[in-house]
Each structure stands twice: as C-alpha cells, then as structure tokens.
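I opened my notebook to look up a few side chains and jot down what turned up. Here are the entries, in the order I made them.

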Amino acid sequence: MRVTLVHNPCAGNHGNPDCVAMVESLAEIGWKAKVIGKREIDEGLREPGDVVVVAGGDGTVGKVAKRLAGTGIPMAVVPTGTANNVARTLGVGIDARAAIHGLPRAVERDVDLGVVTGGAATGERFVEGFGVGIFAWVMAERATKKHKKLRRALDLIATELEHYEPSRTCIEADGRDHSGTYLMVAVMNLRSLGPALGFAPEALFDDGKLDLVLVRPEERESLRAHLRRAADDGDITLPRFEVRRVERVRLGGYGGWAHLDDASHEFDGDVEVRVDPGAVRFLIPPRGD
C-alpha cells in the first residue's frame, strides 16, 4: 500500500506520536508512507498513491479533503489536533495511536461536503460548517493564536457573548422562510465546529443533508453557562438548539462576518449553501467499532 502522510507537527498538544513513530506504525501494517507537510499539499498530492493519511487538526484535514474531492482517492484521519471535529463525527475518536492501529479494519465511506455560492467565498467547499453570528464575529475580531487551546476559546466566546448584539438574518431553507434575529446561524456538515462545539449532535456525514442550526437571543444565558462550564471542566455538551435538516439554504440581509470552517469572510451579499453529496472518500472504523 503506497501512502502519502500529510503531517502537521504544529497541530494539537504534546503527547501525540511524532512523524517518525507514525511512519513506523504504518510500516507495521504494510503501508509505506512518503511524508509531506501542510504547505506542500497541492504539490504533494499530485501523485498521492493509494491512500492519503492526514495527521493534523481540522484545518489540515479540511484542506486535504477539499483537494481530494471528486477524485475517489480515500483519506484517513489520525487526530492530532485540538478540537478534532472531523474525527469525532466520523467515529475515529481523538486518540491518534488508536486511529493508526485501526486502519487495517477501516472501511471506505463517501462523505458529504458543503458548497457556498455568492459573496467572497463563492465556490468554496467546507467540511465543518458555514455560519454567521457570534462564533464568526469572535473568530474574526477577537481570537488570537492563544485561543487555539479549547478552554481559552470557549472562555472567549462566553465572555463576548455577554454583550454581543444579535442581527436579523434572512433565511430560506428548502423553500421555507426561517428569517429572524439570531445570535448565531450555522449550516453544518458535521456534529461540531470550532472548539469542539457540538451544535448538531445528530448530524450525519453521508445523508446528503446539512444541518441548519438557529440560536435565538433568549438562549444567550443558557449558551453562556454551558460554555463557562466547558471551559472549567472540559465538558463541551451544549443545550439543544433548533436544528433543521436541509439540502439548500439561502442567507441574506446580514452585515458582518461569516465563517467557513476555520476561515473568516466578510458577509457582503446573499449566499446559497448546498450539500455536495458523497464528495470525498474517507477510511473510517466499521460500524459498531
């Protein structure tokens, strides 16, 4: 098995296996790996081999997934990031060593991506989600490198949420009007986004649908309390918000920032968000593992 290992040594915390250890572990299961860095993805994946293994956080996983979309070349995740939203949703878990040891039993599954049309992000795909409101604003205006740590990120969002002014957003989802004033609107492909925030706990990665999450102003204190608790003890379980499973969402009438996975964009007009079913192939644990 010829494998390309995409390794981001800057991802996550100490304690993950280093690149040499991962190459050795892959060799033990008969996978001969060539190693490329995060900045070499475009060049290094021109001849990816049989499988691409990504050892990094959600940003690196997302970049590789979008690069491989439509090729049919499978990719596997070795979670070495901070949030590991992709690995959590796919059932890989957050243990890098266990993920490597589980590769011989992994099965191929075609996973959906989201696509944005309109505005600064036209034509961009996303893995985690696209949204506006408090999370996008904090990402663009307040977050710094120190907030890559989960607890600091959660504490920052909770602090900014206290005085954040919600905005009215025009929303049409599968032909139905959901316009209103919201603290946050997110169109999610996975169960969690950002610092492992599980806004869509029942989201499926291969159902040809996206999950529209609506967080209303009256839910501010409940959300703040949960974020504070998570920052203190690591419990990132969130209250239940309104979630609707949809194929296509139109957003407009909003002035401010939007986020597309971990990137910020100015929201400068109407956008359409739709699902791209089965766009990228992943190797994941078989059902029941």
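I began with Lys148, which I found in the loop between α6 and α7. A reminder to myself: this is a predicted model.

Is Lys148 buried or exposed? I looked up its relative accessibility, which is 63%, so Lys148 counts as exposed.

Next I turned to the aromatic rings. How many aromatic pairs does the count give? I noted 3 aromatic pairs.

One of them joins Trp137 and Tyr164, with 6.0 Å from centre to centre and 50° between the planes. I logged this pair as tilted, since the angle falls between the cut-offs of 30 degrees for stacked and 60 for edge-to-face. Trp137 sits in helix α6 (residues 134–141), while Tyr164 is in the loop between α7 (150–161) and β8 (167–173), so the pair ties together parts 27 residues apart in sequence. I also looked up the cover: Trp137 is partly exposed at 24% relative accessible area, whereas Tyr164, at 8%, counts as buried.

Then I looked at Tyr254 and Phe267, an edge-to-face pair with 5.4 Å between centres and 80° between planes. Where do its two partners lie? I placed Tyr254 in the loop between β14 (248–252) and β15 (256–260), and Phe267 in strand β16 (residues 263–267); the pair therefore ties together parts that are 13 residues apart in sequence. My last entry: both Tyr254 and Phe267 are buried.

Definitions and conventions: Residues are numbered from 1 along each chain as its sequence is written. This is a predicted model: local features need pLDDT of at least 70, side-chain atom pairs count only at pLDDT 80 or more; totals for chains, interfaces and linings use all residues. Side-chain values use heavy atoms; hydrogens and water are left out. Rings of Phe, Tyr and Trp (its six-membered ring) pair if their centres lie within 6.5 Å; planes under 30 degrees apart count as stacked, over 60 as edge-to-face and the rest as tilted. Helices (H or I, at least four residues) and strands (E, at least two) are DSSP runs, numbered from the N terminus. Buried means under 20% relative accessible area, exposed over 50%, partly exposed in between (1.4 Å probe, protein chains only).
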